[in-house]
Amino acid sequence: TYSNIIAINPSTSTINTVTVYPNPTRGVAQLNIHSTASSKAAIMVMDLAGRIVLHANIDVVKGSQITQLDVSKLSQGNYQFTILLNNEKITQKLIKL
């Protein structure tokens, strides 16, 4: 037997997404944020020991937007980037050169 086929329309995304570029970065990273609703968001950059080394609060609009994150004062190394957006926690790796 076969299961029912369900069509998915990718243009009506119900998922919050964040893309960080350039990654690795030397100074300012661009955050391409796609949000399903307008809200406030908290951005945290943590070192490998879990210490918050950078924190910012931003206003996010529904849809896509680009926000800059200045990491130029951070030491070279690997970091964990987390954004709390619409009751969702999105985490990515960030490399500072």
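## Close-up views of strands, turns and loops

**View 1. Gln-30 is found in strand 2 (residues 28-35).** Strands are DSSP runs of E with at least two residues, helices are runs of H or I with at least four, and both are numbered from the N terminus. The model is predicted: local features need pLDDT of at least 70, side-chain atom pairs count only at pLDDT 80 or more, and totals for chains, interfaces and linings use all residues. Residues are numbered from 1 along each chain as its sequence is written, and side-chain values use heavy atoms, with hydrogens and water left out. Gln-30 has a relative accessible area of 19% and therefore counts as buried (buried is under 20% relative accessible area, exposed over 50%, partly exposed in between; 1.4 Å probe, protein chains only). Its contacts, leaving aside neighbours within four places in sequence, are Thr-19, Val-20, Tyr-21, Ile-66, Thr-67 and Gln-68. Contact means heavy atoms within 4.5 Å.

**View 2. Two cis peptide bonds.** One joins Tyr-21 and Pro-22, with omega of about -10 degrees. The other joins Asn-23 and Pro-24, with omega of about 20 degrees. Pro-22 sits in the loop between strand 1 (17-21) and strand 2. Pro-24 lies in the loop between strand 1 and strand 2.

**View 3. An open sheet of 4 strands runs in the order 4-3-6-7.** Pairing is antiparallel; two strands pair if DSSP finds at least two bridges between them. Strand 4 and strand 7 (88-96) are the edges: each has a single partner strand, so one side of each is left without a neighbour in the sheet. From one strand to the next, the twist averages 20 degrees. Strand 6 and strand 7 share 9 antiparallel bridges. Gly-77 faces Lys-96 of strand 7.

**View 4. Asp-59 and Lys-40 form a salt bridge.** A salt bridge is a side-chain nitrogen of Lys or Arg within 4 Å of a carboxyl oxygen of Asp or Glu. Here the closest N and O atoms are 2.8 Å apart. The pair links distant parts of the chain, 19 residues apart: Asp-59 in strand 4 (residues 52-60) and Lys-40 in strand 3 (residues 39-46). Both Asp-59 and Lys-40 are exposed. Asp-59 is also the bridge partner of Lys-40 in strand 4. Strand 3 and strand 4 pair antiparallel over 8 bridges.

**View 5. The hairpin of strand 3 and strand 4 has 5 residues between its strands.** Gly-50 in the turn has a positive phi of about 90 degrees. Asp-47 forms a salt bridge with Arg-51, with closest N and O atoms 2.9 Å apart. Asp-47 is buried, at 13% relative accessibility. Arg-51 is exposed, at 54%. The structure holds 2 salt bridges.

**View 6. Thr-82 is buried in strand 6 (residues 77-85).** Its relative accessible area is 1%. The Thr-82 side chain makes a polar contact with the Thr-91 side chain at 3.3 Å. Such a contact is a pair of N or O atoms within 3.5 Å; within protein, one must be able to donate a hydrogen and the other to accept it, and residues adjacent in sequence count only if both atoms are side-chain atoms. Not counting residues up to four places away in sequence, Thr-82 touches Ala-42, Ile-43, Met-44, Met-46, Lys-89, Ile-90 and Thr-91.

**View 7. Asn-86 is found in the loop between strand 6 and strand 7.** Asn-86 is not a glycine, yet has a positive phi of about 50 degrees. Asn-86 is partly exposed, at 23%. Asn-87 lies in the loop between strand 6 and strand 7. Its phi is positive, about 60 degrees, although Asn-87 is not a glycine. Asn-87 counts as exposed, at 88% relative accessibility.

Key: Axes fitted to C-alpha atoms, helices over the stretch in contact; angles between N-to-C directions.
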